[in-house]
Each structure stands twice: as C-alpha cells, then as structure tokens.
Amino acid sequence: MRIGVVTFPGSLDDSSALRAIRLAGGQPVPLFHASDDLKEVEAVVLPGGFSYGDYLRCGAISRFAPIMSSIIVAAEHGFPVLGICNGFQILCESHLLPGALTRNQGLHFVCTDQPLIIENTSTPWTSGYTKGDRLVIPIKNGEGSFQASAETLNQLESEGRVVLRYADSNPNGSKNDIAGISNARGNVVGVMPHPEQAIEFLTGPSVDGLAFFTSILHSLVGR
Amino acid sequence: MALDTVAIAATQPETAQPWRELGLKEDEYTRIREILGRRPTSSELAMYSVMWSEHCSYKSSKVHLKQFGEKAPHSDALLVGIGENAGVVDIGQGYAITFKIESHNHPSFVEPYQGAATGVGGIVRDILTMGARPIAVMDPLRFGPADAVDTRRVLPGIVAGVGGYGNCLGLPNIGGEVVFDATYAGNPLVNALCVGVMRHEDIKLATAHGTGNLVVLFGAKTGGDGIGGVSVLASETFASGKAAKRPAVQVGDPFAEKVLIECSLEIFAEDLVVGIQDLGGAGLSCATSELASAGSGGMSIQLDKVPLRDPSLSPEEILMSESQERMCAIIEPTKLARFMKICNKWDVTATVIGEVTEGKHLEITFNGELIVDVPPRTVAHDGPVYNRPMVQPAYLDTLQPTTLPEIDGSASIKSELLALIASPNIADKSWVTDQYDRYVQGNSVLAQPEDTGMIRIDETTNLGVAISTDANARWSYLDPYNGAKLAMLESCRNIATSGAKPLAVTNCLNFGSPEDPEVMWQFAETVRGLADLCLEMGLPVTGGNVSFYNQTGSVAILPTPVIGVLGVIQDVTTRTKMGIPSAGLKIVQLGNTADNFSGSEWAHLHGQLGDHAPTPDIAAEVRLINLLLEAQPLFASAHDLSDGGLAAALTESTLRNNIGATIELPAAYIPGGVAAGLFAETPGRVLVTVDPENFDALRALANEREVPFHPIGTSGGDALIINGATIPLAELRQAHTETLPRLFG
C-alpha cells in the first residue's frame, strides 16, 4: 500500500512521517514539491515543518507547489490526505479545509505532550480509533490556534467534522478546543498534533499516534 | 573610498591606516608590515584584524590549550582531532559522530534573539561542514539574576532565538542548562552544542588542494550584517565611557540554513567536494585563508563575483561580512555541473569565485585589481601568541566558610526544601524547554529534564549516543583546577547514569578579560585541570571554544567552563530514565555525602559561597561510572545528584511520573546530618530505584565494586516524606514549576 509524504523546502517531519507509514505496515513513498507526479500513491501525508520558512502566512507559499495542484484535484475526488501541523496549515491555505491557524495565544512556540480526545472516527485516517478515546500526542508549533467564523464553527460541529479536540487544557487558544478537522467528505484531515511522533514508546510519549497510519491502510484495503 | 590595491600599498607606504580602530595592537600592525614587506592594503588589514582577533586566533589561550595535545590520552575512537571545524569520533558499526560547543555570548547581549539564533546556526554549519547530518542541539545558557529587569529582556529573547532557529532547522533540542548568577548580568552566556552523524568514509575536511580546482561560494548572498562583529563584539568589553562602536549582530535565516543542510548533504552523498568550510566568524577572510592554509597554499579569488544582497558593499566589507548561511567548497571542474544541479534543485545560489593555484599565495582581485596578496598561513595560523601574566586571585584569601541554618525538625526540612526547589536555578525549566522542539526527527530517546540527551543512531541495531553538558561555575570560582574536573566528572556521571559509556569531551570555556592576570590564572588552572583529567580518564578532547572578555568593567563572570561529554550506548532501549516508574521500589543512594556546602545552591539561597570546592575523588568516580554501566539492568530509574543535592533529585524523580517516596536519612553515614544529606552537592553520587527482587544483587555488586550503597527509602504514595516531613506532590509540583512562569510570563 503506497502512501506518499511530500517534502517541501523546509519540511521537517517528513522523515518521521515516512517511518510512521513503514511501522504501520505501509510502503512509504517520498514525494517532492517541485513535481506534480503523485507516483501512484493511494494517500498522501503533508508533514510538519516550516515550509519556505513560514515567513509569510504558514503554508501560503506551499499551496502553490506543483505537487499541490495534483493533490488538490485528487482530494476533491476523494483521495485521502492528512495534513499534520504545517500540513494542516497548507490544507487551510489550499481551501481544502476551512478556517485558519494563527499565532498561539501565549505567543510562544509550544512543545508538550498534549492530551486529546478523538471526536470523529468516520474518516479514513481515524477509523481505527473509538470515539471518545483519550490520546497523548506531542504538539510543537508556534501558530496552532485554530480560528474560523461562527458560521464555519457551527457547520464543523453540526456535521461532526471536528476530528480531534484538546483535552484538559487548551494550549493555544483554538476555537472550541479544536485540534483537528476534516472536509465534508472526510477524506481530507488536518491535525495540529504530531501523530508521527507518537508511534514508538522509545521516542514518543505514547504510541497513540500509530492508529492514524494503520487506519488509512485498513481504509484503503476495505475500499 | 578609492580602491586600495597592492600596487598602491607598495608605492604609498606611509598612508595612515586605522589598525587601532580595527582592534589591532601596534606591535601586531608592525608584524603585518614585516610579513608583507610593505604596508597592508585596506582589504588585507581587514583580513588580518578579524583573523588575529581573540575570537579567531586564540592568541591569549593558545599557550594553555596546547596541553590538550601534549597530555592527550591514546584513543582509538578519535578520527579527527582538534583543529578542524569539529572533532570526529568512531562509535562503531561504521558510524562517526562529530560534536562541538561554541559561544555566542556578546552578540546575544546586544540583540538576544538574533545573537542566540545565529549562535545555533553557526555551530550547526560547523557540524555540517564535517560531512555530517546534524541530529541534535543543546543550549547551556546563563543569565543575570532571574528577577533583574534586564534578564526579562535578555532571557525571553535568547530562548525565542534558540527555539526560532533550531526548531525551524528540524533539530531536536535535547538538553542544556539555564543558570542565573549576578555576574552574568550584562554578560549572558549563550553556548550552543550540535552533534552530527556520518559514515566514516564521508568525513570532509577544510582543505583546498589540487591546482585548477574551483572555489565555490554557496548559500545566502552576502550582506552588510555582522561586519566587524568578530573583532568589535568578541574582543572588547562593553566598558562605558568609550566611544561607541556600533555593534553589528548577524541576522539569521533558518529556512536558508535548512535548505543549505539538505543541499550540502546531497552534495556530500555524491562525493562532489575536495574540501569544505563554512562561513562563520570573519566570513570570507576566514574561509579562504583557512582553506588555502590547510591545502597547498595557493588560491585566487575574484571578490567581485561574490553575490551581494547590498551592492554598495566595499571589498573590505565583503571580506569581513558575517552574513549567515554560507558555505565555501573546493570542487574539481568536472564535478561543477552536477554540483550546480543539486544547488538548483534546492534553490541555493552557488557561484564560482576563484580557484586553487600553484604557489603559496592567497590572491584576491576586485574588478581586475589585485587587492590582497598574502601567505594564507600568516592570516589563518601565524597570528600573535600571548603568554599573558597570571596571578592567583586575591579573593581566594578572603573566602569564608558557610554558616547555614540547622535543620532540626520536619517543619524546617519542608520549608528549606520547598524554598530550594523553587529557587530559579533549581526550579523546573519547562518554561524554557517547552519552546524547543525535542521530538523532530523521531530519534530522541531522552531529552531534558533527563540527565542526558540521547539520540538513536541506527533504527535496526539501536545504537545510540548520549550527550551531557555541565558546569559548576561557583566551584570553578573557588578552585578552577578542581572545578573543571568536577564539571567533567559530572558530565561523565550523567552519561553513565543514563546507561551510556563516556567516549569523548568538548568544551566551551567562558571567562572574563584575559588582560586581567587573575582571570588568566583562572583560565590556565581550568585548562590544566581539564587536560589532566582527560589524560587520567583516557578521554580525548575533540575540540572546543574559548570566549574571553565576558565582563563588565572590572567585574568578570564566574569562570564558566562548560564541559560536554559524548557517550555511546549499544542498545538505546536499555537506557535508564530519571523518573521513579512505580510504587514499591527500593530507593538507594550510591556514593557518600560529605559535610561541605561551599558553592552549593542551598548556600547560594542563603547568600553564601563558602571557602572550598570539593576535591574530586577520581578513582571513586570511575568505580561509580563502571557500576552504573554494569548494574544498569538492575535499575528501575537513576538520577545524578548535583545542583540542589538529594533534595532536588528526589523532587525531580518523584514529580516525573507523580510517584511519591518515603525517605529516612539516618545521621549515621551523613556527616553534617540531615542538612548535608538533603542539600550538600557532594560529587560522585547517584539516586537509583531498584525492584526489591534486585536489591540484594545490586547491594552485592556495589560492595564488590567498592561503591558506597545507602538504602534510604521506598517509592509510592502521593507525597514526598523525608524523616517525617510530609510534602504532598501537588505542593511540591506547585513550588517547583511556578517560578519561571511567574518571572517571565
């Protein structure tokens, strides 16, 4: 099962995302921003990092990368896409997901082991979880505060498109404690926490993130 | 200003030159004229002045640093020693590790964010230049008093700069220190360590040889930032009353550096370079003269080919610019096309600016005019050497022993412990470290607040490395010879506590003005102590950095040798963590406590320093290190006892997993009573927990290895109970964690 991971200039968690796919049992495929060739992958991960330095709005330049033109078209036809951190920001800039990620409320970069609640298990990236599961996954970002209009928030909530929510305390001022959302169809998911950094007890606070990657493999098999 | 050429210099020998303004002494200027047989051109003067600055030439420290060579122990692990951009050691399985610490102290006081950011950027390029992929950073930081107004300006900026740059490079920040002391007010210390990994065959050196090979500058364009930064910032104190030289701190672009890393690694992987050097302090002056000096000696550079961000820069400024994120490579002409293709893939600007020539001269032209014609060795290596006067400091004769409160009941145990663990030096540092990404790359096995940082090197074999940095500046102030040894021993002990074997040493020696004989004595004693201990323990020094002039007026910082030790662990899954993992474990202190509070945090809390540092017992330390490695499978947790003594270690080990402990400190083996038991910082001690079924085995092994073994309690419950004094973990946590957020927001 070929799952792609896109490297933009300034991507940082691409190698970790490739490892997570491998440990989940998939075949990781590195993709490069400058090509529009998806190399016959069946799903794609946009990893964390600071693409193009994020000197402009996070993700604002990456959305124009050649690979994104292919991903945007495919996603509109149901191709599964997971955006993690900077990847989530790129998905918002690409209008594949609504809302925006803004500077953390405390104005600091925050790296911490964050308790989370799984809210939606109908997406191909979260089908391996049970609704209400409590996870501990690292967050590490400076601009992770999810903001959207009241109308958009209502829509996300009423359609059950909030995938992941911060538990115990809100680390960055995100509206409705939102840590991750999906598009209406559910194939495109963006999350601020880093599931690819919670796949081994040796290096992560838990292995709670691994099910994002096993979920997509099972979803693709069962399709 | 008209172009000053070699021809003009030869025909107009008496032109007045601003050598003094550039930081040169009169005899140094005279020496340059002797070397060249004429006055230097203004470009040559710029090059000599930056390369002969204290920062680049080590002119005050060289005579002492040579001990690291003279007393070097034999080491099979050392692949590249002192003198290259960073030392390289063999860790087995074909892997080599390079690691080094550098200081960026002065720029960080002037402009905290950019000073700290470019400090990280500089050390990362040093590691990259060796051919290695950078895999982690650490940042030992020191500040003025935590509640001082200026600390609130300096600390948040420095922390944000370290994080802003390092996070954006994708390098996990896995450790370091945050220490406050009044002497660092006006002289914050920003030391940055980077570690990198490569295969043996991929090691690269900074050398230019092969006539006709091309000199290629790649990375960021050259701008006006950091011009004269080396000579102005690092070689002069900020004494008031002097005419202000507007300091020029470099500005960092971590994205450019990240792309430069990936681009360089791809270039290395295809073996496209003969030699490589990064551009740091002294910019092109340093890179060209060092590459030529280390190679066959001849090089010609067309300075007008250098891509500029600011087209108005003069040739002197181009030579001195410390613009960041630049590298200089020597490549064979046949490999140029492939080299350029990789640079193009990563959108990295690359320009051929010259070539390796026959002969022994570095010749630099600007628009066809010869403006530099020097023997490169005289710029890079034959700078002045000073054997500066030294004298044992007068303050050593006025030291007073400590007189500290009696600890005579559970109320005083509780109040003194809570005060200590809430003091800024011992308090939880999450406010700082949570601004750093410790997870990126997915190989961080241990990170702060653990005793060491540990990185997995190979996912198949689980081979890994551990790194620790330590300094106890107050001990160094009391006794610089033993203070340096104690810092290195602590670092080694930290490595062994986590389960890794110490392998090699690096250092960053932060001191006041070398022109003060008392400071010079502190420095000389420090180097002597370090060299002696390295020889005795068989650990090579792989490189280091000296930062002088950390003083304001006549007040120097505490002598602060930061010692970094690298260790190797064959299987990272066996590492030992510091947190008590479960209830029902036996708690044991390995090593004896002595009745000496000099230099301790507890004495500091009571406004005292004391009169003598501990005398290191090296044989006992080695026995302890060996026991830690041998008995490692028996430990449930292990935590080094250092700053804040047993009180701090118990606090950190219980709070880590929120598992309490009940401790009885029998006065029998603790001279100095409960106070010493809790607050003395006697070296050579480790707090371990052990499953009851392994208890006898550990005791037997400790006895056999002659390591003092003291059972002091059991784990469990939701309080830390010491000789009847009950401190609920919630109360302990609040005291330990609220200090830094309260001070810094």
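Guide: Chain B has 27 helices and 28 strands, where helices (H or I, at least four residues) and strands (E, at least two) are DSSP runs numbered from the N terminus. This is a predicted model, in which local features need pLDDT of at least 70, side-chain atom pairs count only at pLDDT 80 or more, and totals for chains, interfaces and linings use all residues. Residues are numbered from 1 along each chain as its sequence is written, while chains are lettered from A and ligands numbered from 1 in the order in which they are written.

Visitor: What does chain B average in pLDDT?

Guide: Chain B averages a pLDDT of 93, and 97% of the residues score at least 70; pLDDT is the predictor's confidence in each residue, from 0 to 100. Over residues 229-247 of chain B, however, the pLDDT is below 50. Where pLDDT is low, the predicted coordinates should not be read in detail.

Visitor: And the scores for the model, what are they?

Guide: The model has an ipTM of 0.96 and a pTM of 0.94.

Visitor: How many residues does the contact take from chain A and from chain B?

Guide: The contact takes 23 residues from chain A and 25 residues from chain B, with two residues in contact if their C-beta atoms, placed from the backbone, lie within 7 Å. On the side of chain A that touches chain B, the elements giving two or more residues are α1 (14-24), β6 (110-118) and β7 (134-141) of chain A.

Visitor: Which residue follows α20(B)?

Guide: That is G538(B), whose phi is positive, near 70 degrees.
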